[in-house]
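Dear colleague,

I am handing over a structure that will be new to you, and I would be grateful if you could look through it alongside my notes.

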Amino acid sequence: MLPDKTTFSLAQITNEVYNIVKPIAVKKDLTIKLQYNNDIEIFADYAKIQQVLFNIITNAIKYTNENGKITISFSKNKNYASISIKDNGIGIDKKYHKKIFKKFMYTYVVIYAKSSLHNAFRIVI
């Protein structure tokens, strides 16, 4: 089955996912900052991008301690758009960094606080 691609706004899809996850973040006293100056139109599978954003942002919420911060931004290069999700959560053990984008990769996370750590995922579309 071919993906159902369409042209859509990154601001629209980011705001939509933000509004879905906001109540979860509020319960943990997390700050989610949407940081972008200009909207970007992309041609992609809307549902897949929405699911990826939802998964990464909910993971950021899950593994960020109370009163933490999550920043969602996007930018455009000549050939691609980039979405960045940064948080100050516990992070992923360095030994798993090369594996995290492999299909169906999952790791168990040992939870401990690292207040100065900044984690980031970047999705290139």
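Predicted model: local features only at pLDDT ≥ 70, side-chain atom pairs only at ≥ 80, totals over all residues.

The secondary structure of the chain comes to 2 helices and 6 strands, which follow the pattern β-α-β-β-α-β-β-β when read along the sequence. Of its 125 residues, 34% count as buried, and the chain exposes about 8800 Å², of which carbon and sulfur atoms supply 53%. Among the contacts with a separation of 6 or more, 78% are between residues 24 or more positions apart.

As for the aromatic rings, the count comes to 2 aromatic pairs. In one of them, F8 and Y46 are arranged edge-to-face, at 4.8 Å centre to centre and with 75° between the planes. Because F8 lies in strand β1 and Y46 in helix α2, this pair ties together parts that are 38 residues apart in sequence. F8 counts as buried at 4% relative accessibility, and Y46 also counts as buried, at 19%, since the cut-off is under 20%.

Y36 and F74 form a stacked pair, with 4.2 Å centre to centre and 20° between the planes. This pair links distant parts of the chain, with Y36 in the loop between β2 and β3 and F74 in strand β4, 38 residues apart. Y36 counts as partly exposed at 23% relative accessibility, whereas F74 is buried, with a relative accessible area of 8%.

Lastly, Y80 lies in the loop between β4 and β5 and counts as partly exposed at 36% relative accessibility.

Note on methods: Residues numbered from 1 in each chain as written. Heavy atoms only, no water. Helix = DSSP H or I, 4+ residues; strand = E, 2+ residues; numbered from the N terminus. Buried < 20%, exposed > 50% of the residue type's maximum accessible area, 1.4 Å probe, protein only. Contact = heavy atoms within 4.5 Å. Areas by Shrake-Rupley, 256 points an atom, 1.4 Å probe, with all protein chains shown as cover. Phe/Tyr/Trp six-rings, centres within 6.5 Å; stacked < 30°, edge-to-face > 60°.
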